[in-house]
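Good morning, and thank you for making time for this presentation. I would ask you to keep the structure in view while I speak.

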Amino acid sequence: MGQSTSTAAILGRREINQSDTSSKTKSMSLIYPMHVEDTGGYEGMIDGGGPDYISTLPDECLACIFHSLGSGDRKRCSLVCRGWLRIEGQSRHRLSLNAHSDLLPIISSLFSRFDAVTKLALKCDRRSVSIGDEGLVLISLKCRNLTRLKLRACRDLTDAGMERFAKNCKGLKKLSCGSCTFGAKGMKAVLDNCSALEELSVKRLRSITDGAAAEPIGPGVAALSLKTICLKELYNGHCFGPVIIGAKNLRALKLIKCSGDWDKLLQVITDRVTSLVEIHLERLQVSDNGLVAISSCLDLEILHLVKTPECTNVGLVLLADRCRLLRKLHIDGWKANRIGDEGLIAVAKGCSNLQELVLIGVNPTKLSLESLASNCKNLERLALCGSDSVGDAEISCIGAKCVALKKLCIKSCLVSDQGLEALAGGCPNLVKVKLKKCRGVTPEGAEWLRTARESLAVNLDTGEPEHQDASASDGGAQENVVEFPPPIQVPSQLAAAAAAAANIVSGSTGRSSSWKSKLRVASILRRWSSGNSSVRGS
């Protein structure tokens, strides 16, 4: 969420720097050529006697420069002088903190420096004592303009602390909380006070009461502003039903690993909320009845059905017939074989605007792929993973029919080098192919495809661990990944060096030796390309 992780160490680094010896200060001046005045300014002369033009820059210009720097560079710049320390702190809008209990004593001084923060992340590890109500309330008093808050594993926060925070930060637009222990009252307090709240993400909120004693959570004053709701790993996510139903302008709903039967609640939600354009259902107890309910969302553009085994072709057919604006469809069938050609053909006929299709654990055949290619003229991204029916014939169909396709991903399918031949002359707009764990595809086949179609980026991951000798790092076995980038213009000297590298192993025999030589050439080309691009960038 933030640009950096800042702790008390940030505040102490300047004092440590000032207490260094004179010799150390002299060496620092070589790194930072600007002289630091005792008065705290940043005016001076550049080493060598020239004028210091940086000191004449307005604070706003320096702030813009700091915004373009990475986290480490920003911290180093803040140590140059008091002026830069002040500007860097006042221009920082994002902050991520380790929310341990020992953060409390330095909150006032920390936010006196970072007084313009609008996006804050408070994260604590599971084994530590987190920040409590007192710390959160103090932060809310220092950050009145806070618009985004992320809470992770802040287990010492209670409903009372969340209520006081919400009253102080009524301009909050996004709240994301995970593995916290406050309950329904704390969540209601946010919804009742933050009228600008647009995004609500809740994961593993542990104090939500289960069963009949569950306290419903209404949308409060956020009813008109809420646009995205994400519920993940909640034991009793149904208590958020009133929030979803009351969010009249809700556009995205994501339900992931939430227990309970969601068919009936989805029917009520889709009857009341007509503005939904994006729905994610993952590992949820939902059936075709739920898909029928979703089909009433006529403006639906994005649908993810991930590991929902009770959803079948029947529900998908009904949904595709009504949701004709669908652009992105992700289906993980969990190899249940309940969604296949019938449902995909219905999608092809009803959703002609489809641009992205991801099929995992689904077994489409040439029949449904031909229908998708013929009817979905704008299909640009296609992923086929873990399919027992996708082989060379299906890839040939894609190569011949999918004219608009730009990116193709094939994983754990029955594809061989022969199937890649169809991609050499087909799919005229194809720019990237990713092949992973397809046992029939060899490095030689992937290299042939790259050679036959020079503008195509080919990424091959065989999924087999490489043998590492004693000199290799002890970070564990790595997957065998070979990448074939588009061609580059190679000077004659480099071409000669590449040829020499290839000749080093020319005396060896066997297929593996030939492949090693090609890898060495590719490595040399990539190193030259990287260096050349950096020169051009400068």
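Let me begin with a term: two residues are in contact when heavy atoms lie within 4.5 Å. The model before you is predicted.

I start with helix 15, which spans residues 366-375. Its buried residues are S368, L369, S371, L372 and A373. What covers them? Among the covering elements are helix 14 (341-350), strand 11 (356-360) and helix 16 (392-401). As a general point, an α-helix has 3.6 residues a turn, so residues three or four places apart point the same way.

I turn next to a pair of helices. Two packed helices are described by the angle between their axes and the distance between the axes. Helix 8 (residues 159-168) and helix 9 (residues 184-193) have axes that come within 8 Å and cross at roughly 10 degrees. Because angles under 35 degrees count as roughly parallel, helix 8 is roughly parallel to helix 9. Helix 8 contributes D159, M162, E163, A166 and K167 to the contact, while helix 9 contributes A184, K185, G186, A189, V190 and N193. Sorted by class, the residues of this contact are 5 nonpolar, 2 polar and 4 charged.

Now to the aromatic residues. How many aromatic pairs does a search of the whole structure find? The search finds 1. The pair consists of F66 and W84, arranged edge-to-face, with 5.6 Å from centre to centre and 70 degrees between the planes. F66 belongs to helix 3 and W84 to helix 5 (residues 82-90), so that the pair links distant parts of the chain, 18 residues apart.

Between the C-alpha atoms of A63 and W84 the distance is 9.1 Å, although 21 residues separate them in sequence. Beyond its neighbours within four places in sequence, A63 is in contact with I87 and S91.

Finally, the nonpolar cores. The largest comprises 122 residues, and those with the most contacts inside it are L120, L122, L151, M187, L205 and F240. A second, separate core has 8 residues, including L62, A63, F66 and I87.

Terms used:
Residues are numbered from 1 along each chain as its sequence is written. This is a predicted model: local features need pLDDT of at least 70, side-chain atom pairs count only at pLDDT 80 or more; totals for chains, interfaces and linings use all residues. Side-chain values use heavy atoms; hydrogens and water are left out. Buried means under 20% relative accessible area, exposed over 50%, partly exposed in between (1.4 Å probe, protein chains only). Helices (H or I, at least four residues) and strands (E, at least two) are DSSP runs, numbered from the N terminus. Axes are lines fitted to C-alpha atoms, for helices over the stretch in contact, and angles run from 0 to 180 degrees between N-to-C directions. Angles under 35 degrees count as roughly parallel, over 145 as roughly antiparallel, 65 to 115 as roughly perpendicular and the rest as oblique. Ala, Val, Leu, Ile, Met, Phe, Trp, Tyr, Cys and Pro count as nonpolar, Asp, Glu, Lys and Arg as charged, and the others, Gly among them, as polar. Rings of Phe, Tyr and Trp (its six-membered ring) pair if their centres lie within 6.5 Å; planes under 30 degrees apart count as stacked, over 60 as edge-to-face and the rest as tilted. A nonpolar core is a set of buried Ala, Val, Leu, Ile, Met, Phe, Trp, Tyr and Cys residues joined through side-chain atoms within 4.5 Å.
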